[in-house]
Structures are given as structure tokens and as C-alpha cells.
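Biologist: I've just opened this one and I'm new to it. Could you walk me through it, one question at a time?

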Amino acid sequence: MFENVGEILLLFWRTLLALPQTWRQRHKVMDQFFEIGNASLLMVCVLSFFIGAVIALQTGPILVERSLASAVGGVVGVAIAKELAPVMMAILIAGRIGSAMAAEIGSMRVYQEIDALRTMNINPIHYLVLPRILAIAVALPMLVVFAVLIGWFGGAMVADLNHRMDIPFRVFFSNLQDIVELKDVANGVFKSFCFALIVGTVSCHQGLTTIGGPRGIGRSVTKAVVNSIVLIVIFDYILTRFLLK
Amino acid sequence: MNDANHNFAGGVGLLVRGLRKSFDGQEVLRGIDFAVRPGEVFVIMGPSGSGKSVLLKHLIGLEEPDAGEILINGDPITTPEIAAKYRMALVFQSGALLNSLTVGENVGLYLTEHRLKTPEEIETIVAEKLADVGLKDALHKMPGELSGGMKKRVAIARALVIEPQLILYDEPTSELDPVSAVIIGSEILDLKRRIGVTSLVVSHDRDLAFGVADRIAVMAEGRILTIGTPAEVRNFNDPQVQEFLHAEFKREN
């Protein structure tokens, strides 16, 4: 993975240089955006609901036993907003969307469709990479906001229904409101934006460098997902350190 | 060289001088020299692995040579700006249609992306070019619904939209049945007659080569063995050329 970091950065830089083409490519950006939403919204709902539920289930009874019931809403709220929603959604998107991007661009490369674009003087970065990276950079933060709300709801539901906690909805959200600040949600959204750039760039790079037929496409898809996840975890630490200051 | 620089009937002259290319230390092109006259159909024949497709990629700018030069109408193709001066199109072996687009969108892609015409004009041009290759009913089909021969004809229609001065064909009849191969061959000749485009065809199909070529070059192991009219090549006294031209399957008994 690390031997390709230079190439990935170069692709990212070239995509930045292609930003003035955004208006021209707006229809493709919208197509990609709706495709990402369509492919992931249901999974985002299910995943974030159960993440919230399980965090409440794991932390709630311990806090209640220590007479800290008023902290349950805050703990679940902060954990989801700052860490779990951005990281888990980014991993989900890497698996669901990054893999599809690598496979689609990889197959276009193997079957000479990208060469065909070049012969028509159509820049593959403008035509293929820019719309995908922009769409994912807009879609993932939006999905994360959605995931945060659903995750909180999941946590509140478990806190209310679980007899070891019995924390009413209203109390859970009032505690959450006391502890979670808008800045916490904004941090999570900012992180997810950075993760989206990682997933988009790594997946497009893998697609563009695919060689060797169908087997090569399979290899590219695996590498796109694995490399994205590794980079998400590394950057999660770096960003968290930076945002904690 | 002089006739390669002389432009007539819409086509361009092409001159290739001392072209060399290696991949991982293995020399694939070992000093290629030839000239294509404007408006002629020039066929490069040779066995698989002789470097024909690599040569084609150099001509369209998909590969850069290690040494040598390519001149179109006397201009060396060294920068994308100079290359952009001339309209060239490559018909890929597989057709290389974009699978996510309809046939119509594929054919009009160049015009749409470069915003050269209004959507209505593009629609008209696309319909016209598809009619030219006998596929006007395929407008809304997806590439996956087409046969190999139809894909190649759509690829030719896509090339025609550029109004090319030079069309390069990479193995245009590979994987095609004899009837479809004849249709493609006729298409190449028809384009020469109608718009005078210069055509460079890379193929190992002997029937196609001798059927459409004004001149033929035979290539082997990264070198050109001979260039001449079909009759000259047929009579060229070289064991490698003769072996390639006359190789056929013989059944015992």
C-alpha cells in the first residue's frame, strides 16, 4: 500500500486541479451522489441504530450501578457523534461504494474503455474520478449526520426499554443535550469528509491502475477496501489528536 | 516521405521513423519506419505478438516511444497540442464501448463532452453516423445487447463523429464470423471512398488485408519485413513472410 502513496497523492492533486470542471460534470456528480445514497442509506440506518443500541447496552448498566444514570445519554451521544458514526460509516462506504468504484473503473481500464476516452481527448480524471470523489465527499458527511441521529435514537430506545437502565427517552436526550456540543458533531462530520476523500481517491487509484483481466479487477477491489480501511484508522488517530487540541 | 506530407481528400499523411519501444528490457518495437499516404488504406499484418497493437498505441498517443518519431502531415506528434491539431480515431479490437452508456450516448460522447454541438444537433449527428454503419435501430440499446460485429460498427460510428482524418483499426475482424468480417471490410473501403480518410489497419486476417489494402506492411518480432502493394507482398521472397501468408491447417489423411 505505502509504495503507492505518492501515486495516490498525485491523483488527489490532479483531482483538485480538475475542480473547475465541477459545474461541467455536475450531472455525473449528482448521478454518483444518488447512487451512493441509494446503495447505503438502508444499511446506514440499520448499522447506526444497532451501534447506538449496543453502546447503550454496554455502558448504561455500568453507569446506572454507579449512580451515573444521567451520564448515559452523554456517553452514547459523544461516542457516536465523535467516533463511531464517522469511522463505521466510512468503513461501510469503503466496502459498499469504494469497492464498486474500484471495480467499475478497473473494468473500464481492463476493457480499454479508459484508453477509448483518452483517444477522444476526454480526461479520465475529469470524466471518472472527479465526479466520484466529489459525490462521496458530499454524501458521506450527510450519511454521518443521519447515522448520528439514528444512533442516538437506537441508544435512547435501549436505555428506555432495558430494565437495568429504565432511562426515559426525554431524560436520555436531555442528558445528551447537556454533554454533547454542536462542535462534537461537527468534528465527526469533518472527519467523515476526510475519510470520504481517502475512500474516493484510494478506490479510483486502484481502479485506474488495474491490470490483468478479471482477476486483476478482483485484486483491485480487495486492495481498495483494505487500503481504505487501514488509512481510515490511521487518519482517525491523526485527526482526533488534531481536533482534541 | 514526400507523398506522406501531401494532403488530399480529407486524409492526412503519416510518417513513422525509427520507432523503438521496450517493456521491462524486452524490445517490442525495433526501429519501425514506414509512411502512409493521405487517403490510402494501409494494412499492417503480422503474427500475434509482433508488436502491431503496441505500434498502434504509439500512433494514437497512448504510449510514448523510447526513440524515433511520428509525423502527421510533417508535424512531429510530440505534444498533445500538436496531436490535437489532427483528428484521429482508434477503433479498438473489442470496440471499447462504455458499457454504462447507450449506443447513442457512446457515439455522441466526443461531441457531448467537448460541448461542440447542441444536444439536438448531437442527436441528429449520432442518428446519421449510426445509419452510416447500418445500425440506426440500435440507438437506445446498451453495448451488452450487441453482437461483436455490431459493437465494432458502433465503434466505427463513434470514430466517424470526430470527422477523423486518420482512422486506426486494431484487429477489426477478430472474433467475427466471416459475414460480419466482410461487412467491416466493406465499411473501411466505403469510408475511404466517401470521405477519403486515411486508414491504418492492424490485422492478422489475410482475407481482410488483401481485400482492403492499397499497401501492406508485414511485421514480425518488432520489425517491418516488407512494404508493398498486395501483389508485391504476395510475391515477396522471404521465408517468414511466405510462412505467414500461406500458413494453413492441414489435416492428416
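What follows is a chat about the two chains, from overall layout down to single residues.

Biologist: Before we start, what kind of model is this?
Modeller: Keep in mind that no value here comes from an experiment. What you're looking at is a predicted model.

Biologist: What box do the C-alpha atoms of chain A fill?
Modeller: Chain A has 245 residues, and 47% of them count as buried. Among its contacts with a separation of 6 or more, 87% are between residues 24 or more positions apart. Along the principal axes, the C-alpha atoms of chain A take up a box of roughly 70 × 35 × 30 Å.

Biologist: Are α5(A) and α7(A) roughly parallel or roughly antiparallel?
Modeller: Helix α5 of chain A covers residues 124–161 and helix α7 of chain A covers residues 182–208, with axes that come within 8 Å. By class, their contact has 19 nonpolar, four polar and one charged residues. The crossing is right-handed. The axes cross at roughly 150°, and angles over 145 count as antiparallel, so α5(A) is roughly antiparallel to α7(A).

Biologist: Where do the chains touch, and which helix gives the largest share of chain A's side?
Modeller: In this contact, 11 residues of chain A meet 12 residues of chain B. Chain A's side divides into five nonpolar, three polar and three charged residues. Five of its residues come from one helix, the largest share, and that helix is α4 (residues 113–119) of chain A.

Biologist: Over to chain B. How many Å separate the centres of its two domains?
Modeller: Domain 1 of chain B is made of 1–87 + 167–172 + 190–248, while domain 2 is 93–163. Their contact takes five residues from each of the two domains. On the domain 1 side, that's two nonpolar, no polar and three charged residues. Taken over C-alpha atoms, the centres are separated by 26 Å.

Biologist: How do α4(B) and α6(B) run, roughly parallel or roughly antiparallel?
Modeller: In chain B, helix α4 (residues 103–113) and helix α6 (residues 148–161) have axes that come within 8 Å and cross at roughly 25°. Angles under 35 degrees count as parallel, so α4(B) is roughly parallel to α6(B).

Biologist: And what is the make-up of that contact by class?
Modeller: From α4(B), the residues include Val103(B), Leu109(B) and Tyr110(B), and α6(B) brings Val154(B), Ala157(B), Arg158(B) and Val161(B). Counted by class, the contact of α4(B) with α6(B) has eight nonpolar, two polar and one charged residues.

Biologist: Is Pro143(B) buried or exposed?
Modeller: Pro143(B) lies in the loop between α5 (119–132) and α6 of chain B. Beyond its sequence neighbours, it is in contact with Leu97(B), Asn99(B), Val103(B), Asn106(B) and Lys151(B). Buried takes 20 or more other C-beta atoms within 10 Å, and Pro143(B) has 21, so it is buried.

Biologist: How far apart in space are Tyr169(B) and Val202(B)?
Modeller: Tyr169(B) is in strand β7 (residues 166–170) of chain B, and with 28 C-beta neighbours inside 10 Å it counts as buried. Val202(B) is one of its contacts, along with Val91(B), Ile188(B), Ser199(B) and Val201(B). Tyr169(B) and Val202(B) are 33 residues apart in sequence, yet C-alpha to C-alpha they are 6.0 Å apart.

Biologist: Which class does Asn73(B) fall into, buried, partly exposed or exposed?
Modeller: Asn73(B) sits in the loop between β4 (67–72) and β5 (75–76) of chain B. Its phi is near 50°, a positive value in a residue other than glycine. It has 18 other C-beta atoms within 10 Å, which makes Asn73(B) partly exposed.

Biologist: Last one: what is the phi of Glu171(B) near?
Modeller: Glu171(B) is in the loop between β7 and α7 (178–195) of chain B. With 22 C-beta neighbours inside 10 Å, Glu171(B) counts as buried. Its phi is positive in a residue other than glycine, with a value near 40°.

Technical notes
Residues are numbered from 1 along each chain as its sequence is written. Chains are lettered from A and ligands numbered from 1 in the order in which they are written. This is a predicted model: local features need pLDDT of at least 70, side-chain atom pairs count only at pLDDT 80 or more; totals for chains, interfaces and linings use all residues. A residue is buried if 20 or more other C-beta atoms lie within 10 Å of its own, exposed if 12 or fewer, and partly exposed in between; C-beta atoms are placed from the backbone. Two residues are in contact if their C-beta atoms, placed from the backbone, lie within 7 Å. Axes are lines fitted to C-alpha atoms, for helices over the stretch in contact, and angles run from 0 to 180 degrees between N-to-C directions. Helices (H or I, at least four residues) and strands (E, at least two) are DSSP runs, numbered from the N terminus. Angles under 35 degrees count as roughly parallel, over 145 as roughly antiparallel, 65 to 115 as roughly perpendicular and the rest as oblique. Ala, Val, Leu, Ile, Met, Phe, Trp, Tyr, Cys and Pro count as nonpolar, Asp, Glu, Lys and Arg as charged, and the others, Gly among them, as polar. Domain bounds come from an automatic or database domain assignment. A crossing is left-handed if the near helix is turned anticlockwise from the far one by less than a right angle, and right-handed if clockwise. Lists of a residue's contacts leave out its neighbours within four places in sequence.
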